[in-house]
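Please keep the sequence and the structure in view while reading.

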Amino acid sequence: MRRKKGLCFYKRRKKVSSDAIREISNYFFGIGLALLMAFFLVYSFGMRTSVIGVSMENTLYNGQMVLVNKIAYLLFSPKAGDIVVFLPNGNANTHYYVKRVVATPGDKVEFRDGRLYVNDIMEENEQYDKVADPGIAEEAVTVGEDEFFVLGDNRNNSEDSRSGNIGLVKRDLIEGKVWFQLGHENQGMGFVN
């Protein structure tokens, strides 16, 4: 029987092609992958904290926001020169401290005539003033396993590993590595050295 041309009130069933199903599934896969990557990036690099105080000047400034890489130290250990974020003695009721690692496990640290010596080699960076108060590093301190000796870049105005209430920082208290600084009136945005 042949159908007549004209109005037809019967619903035609539309067939869903395999190409359409594949395109829809690719769309949802892309969204899922983007969400997974976003979660990974936020967890890994998304921790943001601010610098409290003047202890890291002229590198970082009071109130400046920094981004912290939280997975860097899951793969590798902090090394001398890294700027790290940690909670002193694991105290969750205080703010994060931002300091520079100057000595790693096994290193011997001490101050002589206001200058830092690591493994009997004097630090040659002229950016740092002579230290007036060497604290616990007045005599040689050997950094233990999974511990780090940290200092602020503004050494005469910093509470750091020289202080008895901070001391050597244990690896499991380090939240991550500072990798990016957000803009500040004294300095622009950029990667941290």
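Lys 170 and Glu 147 form a salt bridge through their side chains, with a distance of 3.1 Å from N to O. Because Lys 170 belongs to strand S10 and Glu 147 to strand S9, the pair ties together parts that are 23 residues apart in sequence. The model under discussion is a predicted one.

Lys 170 is partly exposed, because its relative accessibility is 40%. Glu 147 has a relative accessibility of 15%, which lies under the 20% limit, and therefore counts as buried.

## Other salt bridges

In general, side chains of opposite charge can pair when their charged atoms come close. Ten salt bridges are found in a search of the whole structure. One of them joins the side chains of Asp 153 and Arg 100, at 2.9 Å from N to O. Asp 153 is placed in the loop between S9 and strand S10 (169-170), while Arg 100 is part of strand S4 (residues 97-103), so this pair ties together parts that are 53 residues apart in sequence. Asp 153 is buried because its relative accessibility is 5%. Arg 100, with a relative accessible area of 11%, is buried as well.

A further salt bridge connects Glu 123 with Arg 155, whose closest N and O atoms are 2.5 Å apart. This pair links distant parts of the chain, 32 residues apart: Glu 123 is in the loop between strand S7 (121-122) and S8, and Arg 155 is in the loop between S9 and S10. Glu 123 counts as partly exposed at 24% relative accessibility, whereas Arg 155 counts as buried at 5%.

## The cavity

How many cavities of 30 Å³ or more are counted? The count comes to one. The volume of the largest cavity is about 50 Å³.

The lining of the largest cavity consists of Phe 111, Gly 114, Arg 115, Leu 116, Glu 123, Asn 125, Tyr 128, Asp 129, Val 131 and Arg 155. Among these lining residues are Glu 123 and Arg 155, the partners of a salt bridge described above.

## A nonpolar patch on the surface

On the surface, a nonpolar patch is formed by Ile 24, Tyr 27, Phe 28, Ile 31 and Leu 35. Together these residues have about 550 Å² of accessible area. One of them, Leu 35, lies in helix H1 (residues 18-45). Leu 35 counts as exposed because its relative accessible area is 58%, and the limit for that class is over 50%.

## Backbone geometry in the loops

Most residues other than glycine have a negative phi, and most peptide bonds are trans. Which residues of this model have a positive phi although they are not glycine? Asp 113 has a positive phi of about 50°, and Asp 146 has a phi near 60°. Asp 113 is located in the loop between strand S5 (108-112) and strand S6 (115-118), and is exposed at 72% relative accessibility. Asp 146 is located in the loop between strand S8 (141-142) and strand S9 (147-151), and is partly exposed at 40%.

The peptide bond from Glu 57 to Asn 58 is cis, and its omega is near 15°. Asn 58 is part of the loop between strand S1 (47-50) and strand S2 (65-69).

Notes
Residues numbered from 1 in each chain as written. Predicted model: local features only at pLDDT ≥ 70, side-chain atom pairs only at ≥ 80, totals over all residues. Heavy atoms only, no water. Helix = DSSP H or I, 4+ residues; strand = E, 2+ residues; numbered from the N terminus. Buried < 20%, exposed > 50% of the residue type's maximum accessible area, 1.4 Å probe, protein only. Patch = residues over 30% accessible without salt bridge, like charges linked within 9 Å, V, L, I, M, F, W, Y side chains within 5 Å. Areas by Shrake-Rupley, 256 points an atom, 1.4 Å probe, with all protein chains shown as cover. Salt bridge = Lys/Arg side-chain N within 4 Å of Asp/Glu carboxyl O. 1 Å grid on protein atoms, 1.4 Å probe; cavity = no way out; pocket = protein on both sides within 12 Å on 5 of 7 lines; lining within 4 Å. Points joined across faces, edges and corners; volume = space filled by probe spheres on them.
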